Amino acid sequence: MSPPVKLSVLILFLLAPFGLMAEPTLPAVVVEDLSGGATRYSLSVQVLALMTVLSLLPAMLLMMTSFTRIIIVLSILRQALGTAQTPSNQILIGLSLFLSLFIMSPVFTQAYDEAYKPYIAEQLSADQALEKLKIPFRNFMMAQTREDDIGLFSRIADDQPYATPEDVPFTVLMPAFLTSELKTAFQIGFMLFIPFLIIDLVVASVLMAMGMMMLSPLIISLPFKLMLFVLVDGWSLVMGTLAASFVVA
């Protein structure tokens, strides 16, 4: 099964209500024969629950995967290059999504093999499968999260310090993970911004010395920034650095 399909299956399984998971044979469409040969079709509550789950997928993508860090770094890189809307938002989101699938592939595979497949084979109950499913995501999120951020949200929640990582509840781990991801993304973005900022400063100083104050430095510096980025194989460096910045437990 491909990683995108595994992602959809695992997140749907993670968010599915226990009542529906315990009733896998609940019909989605009920067909009733009416008098006069007419037929009436009605959708069950299962379809409504499924649509609710699908509406939560973007939030789950942001809260539990590497997507947030990647999209922020790529957005800062585009700003540093000064290329306005090139690459477009759609391209950046697509790059972030597929790079996230690549990084999270071991996590999805572990969750699929240890939780979803045994549940489908009726080797685990719904509660047991859900607990198994949380483990790889918890390990991934915990590996990226700073202890200071966990301590911050534990104090906000008025909880005692946690003895082990397993004691950290998801309600504390999720905001701590997002906060750590934001910090890391801006740190990487800062390092990416420096060489392009130096080019802008040099070009602006040269134009000022030549008395060409009416000419925008961005117009002159853009070709130099693009040339530098291409010569150092910038996209490969950025993608490789982002992928290597994650710790997969």
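Helices (H or I, at least four residues) and strands (E, at least two) are DSSP runs, numbered from the N terminus. This is a predicted model, in which local features need pLDDT of at least 70 and side-chain atom pairs count only at pLDDT 80 or more, while totals for chains, interfaces and linings use all residues. Residues are numbered from 1 along each chain as its sequence is written, and side-chain values use heavy atoms, with hydrogens and water left out.

**View 1. The protein chain has 11 helices and two strands.** Along the sequence these elements follow the pattern α-α-β-β-α-α-α-α-α-α-α-α-α. Of the 249 residues in the protein chain, 36% are buried, where buried means under 20% relative accessible area, exposed over 50%, and partly exposed in between (1.4 Å probe, protein chains only). Among the contacts (heavy atoms within 4.5 Å) with a separation of 6 or more, 69% are accounted for by residues 24 or more positions apart.

**View 2. Helix α6, residues 89-120, bends by about 55° at Met104.** Between its end C-alpha atoms α6 spans only 38 Å, whereas a straight helix of 32 residues would span 46 Å at 1.5 Å a residue, the expected span being 1.5 Å times one less than the number of residues. After α6 comes Glu122, whose phi is positive, near 60°.

**View 3. Arg69 forms a salt bridge with Glu181.** A salt bridge is a side-chain nitrogen of Lys or Arg within 4 Å of a carboxyl oxygen of Asp or Glu, and in this pair the closest N and O atoms are 2.6 Å apart. The pair links distant parts of the chain, with Arg69 in helix α5 (residues 67-81) and Glu181 in helix α9 (residues 170-209), 112 residues apart. Arg69 is buried, with a relative accessible area of 2%, and Glu181 is buried as well, at 0%.

**View 4. Asp200 forms a salt bridge with Lys225, the closest N and O atoms being 3.3 Å apart.** Asp200 lies in helix α9 and Lys225 in helix α10 (residues 217-231), so the pair ties together parts that are 25 residues apart in sequence. Both Asp200 and Lys225 are buried.

**View 5. Lys134 forms a salt bridge with Glu131, the closest N and O atoms being 3.9 Å apart.** These two residues are three residues apart in helix α7 (residues 126-144), and are therefore separated by about one helical turn. Lys134 is partly exposed, with a relative accessible area of 27%, and Glu131 is partly exposed, at 47%.

How values were computed:
The bend at a residue is the angle between axes fitted to the seven residues ending there and the seven starting there.
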